[in-house]
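The following paragraphs lead through a protein model, from its overall make-up to individual residues. Please keep the sequence and the coordinates at hand while reading.

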Amino acid sequence: MSTTKLPRSKRKERSRSRDGTVRTHRKGATSDVPDEGEEPLYSGPLAQADYHRMKQEVENLRKQVAISKKTIHKQSKVIDELRSELKATQEMHGTQRVEIEKLKRQSKKSEDLVTTVESSLTCQICMELLLKPYGLSPCGHVLCMGCLLEWFKAAPPGDDEMLDDEYPDALLYRKKTCPCCRTIVRSRPIPLYLVKSLASAVDKAKAPNGAVRPSPPPDDEDPWAGIFREPTDFENYWSTDEDDDDDEEDDEDEDAEDGEDYEDDDDYWSFDGYGTGEDDERYDGPYVAARWAPPATHVSADEYPYLDADSEELKMLRRGATLQMIELFSMNYSHDLGLTAVVEDDNVVYLGWNIELHPDDETGEEYMDWILADMFDRPERWRMIHDALDGTWVAHKLVPQYEVENEYDNTDSEMWTAESDEDEDM
């Protein structure tokens, strides 16, 4: 097969016609795409339906986008509000935590305070609340009635004290001490109603909810009968107004019969010898503080077998006091301060180291009456110290200067007088 070559001019023309056809085809294909907003160049019912359907879907999508944007905006506001609330809640929780810690500390302090109060309202013997508290004098310790009764009844007698088998009332005269500090207790324990109220409140607070704890019944009988003497037991030792009047009348009758006259100053006292004109000469010199002196009264321990040889009572007896004075005036003695007595509730009188009672003054009552009157009649013989807070006072008895001229060694034994008397007897 032979190939015939075309001339060069014809090949150029055929190439031009082919390029024109291609350009026309491309131009036509490009012009078939409709611009935005223009009707499509499609033709036919199916093309038109697809177009309108797709257009409607686009519109729906645009509306959904707009709605979604509004929803997102609203949700953003809600989120911002929730964030603000969360921040405020966190701040409030922080404040509450601080308050809770503060309340915990206060609760801890309150619990410690309640524990301290409860321990203070607890009997030191049975470790129970003091629902029947009694206070001891002079030490001031507070214990429950049951423990005190057992303590006083179970205490063994001393070597010089009476036995219960021999003397049924020996317990009345036996030396009684505080279970806590062993201080000698001379008077009946005193009921403390304020302590009882506080202990009852603590006991009620500790009870479970709904539980009712009855209050302890009152004491119908005297719990200290047979242990401490009745206060009325000393009435026989105290003179009454009627007895004084009778005695004065008898004295006046006897004086009238004897032809003796007494001055008004002498009649001021029921017993002569305490500062009267007859037995106490006027002293105009200075008064000074008393000094230690040895015991001036001879008292043997055999006279008081129920007292210890070194008991406080025996020391005070050797210095002129009586058992009735010691009991009634809560007297004490110390080597440095001498004899002290409590009068009119809480007032303290320092009587020096020795007192001298009139032979007819068996109880010492008249002496203490004279002491109280002498503070006002002869203030130069007393050094008074008044307490403006509670209204009490302390009085120190002064003595004439010539009474302290004798120098004693204050380290001498308290048995000085008794030993010297015994030596003289031997």
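How many helices and strands are there in the protein? The protein has 11 helices and 11 strands, where helices (H or I, at least four residues) and strands (E, at least two) are DSSP runs numbered from the N terminus. This is a predicted model, in which local features need pLDDT of at least 70 and side-chain atom pairs count only at pLDDT 80 or more, while totals for chains, interfaces and linings use all residues. Residues are numbered from 1 along each chain as its sequence is written, and side-chain values use heavy atoms, with hydrogens and water left out.

Of the 426 residues in the protein, 26% are buried; buried means under 20% relative accessible area, exposed over 50%, and partly exposed in between, with a 1.4 Å probe and protein chains only. The protein exposes about 30,300 Å², of which carbon and sulfur atoms supply 51%; accessible areas come from the Shrake-Rupley method with a 1.4 Å probe, and for residues only the protein chains shown count as cover. Among contacts (heavy atoms within 4.5 Å) between residues at least 6 apart in sequence, 58% join residues at least 24 apart.

Two strands pair if DSSP finds at least two bridges between them. Strand 1 and strand 5 run antiparallel and are joined by 2 bridges, and Gly135 stands opposite Ile190 in strand 5. The loop between strand 1 and strand 2 contains Pro138, and the peptide bond that joins Ser137 and Pro138 is cis, with omega about 15 degrees.

Which residues of helix 3 (residues 145-154) are buried? They are Met145, Cys147, Leu148, Leu149 and Phe152. These buried residues pack against strand 1 (133-135), strand 2 (142-144), helix 4 (170-173) and strand 3 (176-177).

Aromatic rings form another theme, with 6 aromatic pairs found in a search of the whole structure. Rings of Phe, Tyr and Trp (its six-membered ring) pair if their centres lie within 6.5 Å; planes under 30 degrees apart count as stacked, over 60 as edge-to-face and the rest as tilted. The pair of Tyr134 and Trp224 is edge-to-face because the ring centres are 5.3 Å apart and the planes stand at 80 degrees. Why does this pair tie together parts that are 90 residues apart in sequence? Tyr134 lies in strand 1, whereas Trp224 lies in the loop between helix 5 (193-206) and helix 6 (241-258), so the pair spans that separation of 90 residues. Tyr134 is buried because its relative accessible area is 9%, and Trp224 counts as buried because its relative accessibility is 3%. Tyr304 and Tyr306 also form an edge-to-face pair, at 6.3 Å centre to centre and with 85 degrees between the planes; both residues are buried.

Ring pairs link Tyr134, Phe152, Trp224 and Phe228 into a cluster. Lys176 lies over the face of Phe228, at 5.0 Å from the ring centre; a charge sits over a ring if NZ of Lys or CZ of Arg is within 6 Å of the ring centre and within 35 degrees of the ring normal.

Backbone geometry comes next. Most residues other than glycine have a negative phi, and most peptide bonds are trans. Arg182, which is not a glycine, has a positive phi of about 65 degrees and is found in the loop between strand 3 and strand 4 (184-185). With a relative accessible area of 49%, Arg182 is partly exposed. Ser330, also not a glycine, has a positive phi of about 50 degrees and is found in the loop between helix 9 (323-328) and strand 7 (332-334). Its relative accessible area is 32%, so Ser330 is partly exposed.

Strand 10 (residues 382-386) and strand 11 (residues 393-400) pair in the antiparallel sense over 5 bridges, with His386 opposite Trp393 in strand 11. The hairpin has 6 residues between the strands, and Gly391 takes a positive phi near 80 degrees in it.
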